[in-house]
Amino acid sequence: MSIETENNLAVDCRGVTKTYDTGGTKVTALRGIDLTVKHGELMMLVGPSGCGKTTLISVVAGILDRDGGECTVFGRDFQKMRPGERTRFRGENIGFVFQAFNLLPTLTAAENVAVPMLINGSSRVEALDRAGEALSRVGLGDRLHSLPKQLSGGQQQRVAIARALVHSPRLIVCDEPTSALDHETGHRVMELMREVAVGPDRALVIVTHDSRIFEFADRIAKMDDGRIVEVTEKVRDFVEN
Amino acid sequence: MNWVALKMLTGDRAKYLGIIMGLTFASLLITQQLAIFIGLMSRTYGAITDLAQPDVWVMDPKVQFIDDIKPLQDTVLYRVRGIEGVEWAVPLYKGLLKARLDNGNFQTCNVLGLDDATLIGGPPEMVVGKLADLRRADAVIVDENGANGKLAHIDSDLEGNPKPGAVAVPLKVGDALELNDHRAIVVGICRSSRTFQSQPIVYTTYSRATLFAPKERKLLSFVLVKTDRAVDPTCVAQRIEQTTHLAAYTRENFKKKTFMYFMKYTGIPINFGIAVVLGFIVGTAIAGQTFHSFTLENLKHFGALKAMGAGNWMLLRMILLQSLLVGIIGYGLGVGAATLFGYFTQKSELAFLLPWQLLIFTAGAVVMICVLSALVSIRKVMALEPAIVFKS
Ligand SMILES: Nc1ncnc2c1ncn2[C@@H]1O[C@H](COP(=O)(O)OP(=O)(O)O)[C@@H](O)[C@H]1O
Ligand SMILES: [Mg+2]
């Protein structure tokens, strides 16, 4: 807690390294990453394919172990937690939006959105209630009972966003959330994301190489070959002016 | 998360039904084959079951099962009667005799000769007539299955082949039979347990049976003993063995001995064993394989659940619940189908016995199949890196 108030950072990574070892061939994906994300900030990670963006947000979200360096999320280090605590912390504090939406095909929109609530121990009724609210916020209040296959790609991604928001996590990580969507839909999804997911005590990290959505970022960290090569500040101010 | 687990499974109709089919098939095959096996094996000692009164059976030491007749000397009966703890002892003749049917054909019958005075050893249930009618001249009682089946009258040509369109007319009271060239009159029809060889059972008195039987020096098959109520039949059996140097078994032990003989010296247990194991393996293969491919297909979703904070324990419970659901449905359908099968074959020659222990056995087998198939899937999910969710 003290660290959190000290530096007021949602994400604080220093010198993070990660090497994949798949049967003899070693691939170094992160070569010493320094990255900070402030509260209320929408940070974008951009860079060519294979430069380590996905690896980095996996480490940040606590679903992948780093090899070296330091990394805290709201002052807590995933790697210093016991497995059960780590899973719980992730369940309560991190929201995910995946490139392929990753909705359970046999569950309705509302049920899909309810899943994080259920994982965190809410009752079914409460979870479905909150899911309904979250879906209304993303403009799908009338599609609660639709199955994913009955929804368009943009609608599915909005369901996924509702699912990432439903339990009010403090950090939301998205991997290429617009790459499966056309330009206009992608734009609308991003507008929505800014509107509902960014708040004073929340942060958003979005991996993308879709330059058309850069304008939604507060800062953009440009990566190449496992390193952050450039951080552009105040993107939105710049775009807006 | 329980209903999420169930919806994941039931939403995938094809896989869901596939797994259930595998389990249904397995539990049907296991239950049905074992029920037939148990039915068949219980027939091996059906004759002992029907003779409810005696506690101890005395026989030649070389006898291995109920139909393995090694005659004793008549004097044995008197020696047994003199032994302490014996309340009464009666002779029993048991043998295979040929009956000549009125179309000229022969049918081997299982003839039981009961003590003339007491008629102990008679059938458990009379359908027509009464046991005492055996005291009439040339009297025999025939069992229902034999009377309606192998001993029934069929209009035949001179060669003994049934005439086209001829219907079997059951043997009835008043009809005559020729047993080993001796005339016999049916005075009653009874209901007996089917025997293993399914021959007609013919009851008569001991003295008449020895008349029917081919002339031999020794004709006494068994001595049936009722023990004093105060003594343990096992002790009396031991005492009889010591005194007479013959074999004496309690009813239960003689059943067991007969049962074990068939277990050991016939291919029956192996054959049924193979069918049961096959059912188990095929069921496990179908259910396990389908369940496994269901899990594989959902691996990405399990990964997403893991990333979103579902621990291994939660996922384990979900998978167990899924396999429990299909297990219960498959078991119900399989056992239900087996029971229906038993119900519809009730009237036929087929042996089918479904004791509750068998239901538990099948349940155990299904649980094992479910656990096995769940285990294969669980390993994959446990080892799953949540980071796969970001792999497109
Ligand atoms: N599970 C893995 N095993 C081995 N190598 C991996 C794995 N995941 C990623 N990589 C490698 O690590 C590097 C970075 O990958 P990634 O973080 O997915 O990049 P990006 O998301 O920027 O395209 C790539 O060279 C990729 O091939
Ligand atoms: Mg990537």
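This is a predicted model: local features need pLDDT of at least 70, side-chain atom pairs count only at pLDDT 80 or more; totals for chains, interfaces and linings use all residues.
**A helix start, a chain interface and salt bridges**

At the start of helix α7 of chain A, a side-chain oxygen of A:Asp182 comes to within 3.1 Å of the backbone nitrogen of A:Glu184. Helix α7(A) covers residues 183-197, and its 15 residues reach 20 Å from the first C-alpha to the last, close to the 21 Å expected at 1.5 Å a residue. Several residues of this helix are buried, among them A:Val189, A:Met190, A:Leu192 and A:Met193, together with the charged residue A:Arg194.

Another arginine of chain A, A:Arg86, lies in helix α3, and A:Arg86 counts as buried because its relative accessibility is 16%, under the 20% limit. Leaving aside residues up to four places away in sequence, A:Arg86 touches A:Gly62, A:Leu64, A:Asp65, A:Phe78, A:Gln79 and A:Met81.

From here the reader can turn to the boundary between the two chains, where 29 residues of chain A are in contact with 25 residues of chain B, and where the chains bury about 2,400 Å² between them, 71% of it on carbon and sulfur atoms. Between chain A and chain B there are four residue pairs in polar contact, both residues being at pLDDT 80 or more, and the count of salt bridges is one, formed by the side chains of A:Glu111 and B:Lys7 at 2.7 Å, N to O. On the side of chain A that touches chain B, the elements giving two or more residues are α2 (53-60), α3 (83-93), β5 (94-97), α4 (109-119), α5 (124-137) and β6 (171-175), and the largest share, five residues, comes from α4(A). The residues on this side divide into 16 nonpolar, eight polar and five charged.

Over all chains, a search of the whole structure finds 23 salt bridges. One of them, in chain A, joins A:Lys80 to A:Asp77 with the closest N and O atoms 3.9 Å apart; A:Lys80 counts as exposed at 65% relative accessibility, whereas A:Asp77 is buried at 8%. In chain B, B:Lys226 and B:Asp55 form a salt bridge at 3.8 Å between the closest N and O atoms, a pair that links distant parts of the chain, with B:Lys226 in strand β9 (residues 222-227) and B:Asp55, 171 residues apart from it, in the loop between α3 (46-50) and β1 (56-59). B:Lys226 itself counts as partly exposed, at 26% relative accessibility.

Conventions
Residues are numbered from 1 along each chain as its sequence is written. Chains are lettered from A and ligands numbered from 1 in the order in which they are written. Side-chain values use heavy atoms; hydrogens and water are left out. Contact means heavy atoms within 4.5 Å. Buried area is the accessible area (1.4 Å probe) that two parts lose on being put together, summed over both. A salt bridge is a side-chain nitrogen of Lys or Arg within 4 Å of a carboxyl oxygen of Asp or Glu. A polar contact is a pair of N or O atoms within 3.5 Å; within protein, one must be able to donate a hydrogen and the other to accept it, and residues adjacent in sequence count only if both atoms are side-chain atoms. Helices (H or I, at least four residues) and strands (E, at least two) are DSSP runs, numbered from the N terminus. The expected span of a helix is 1.5 Å times one less than its number of residues. Buried means under 20% relative accessible area, exposed over 50%, partly exposed in between (1.4 Å probe, protein chains only).
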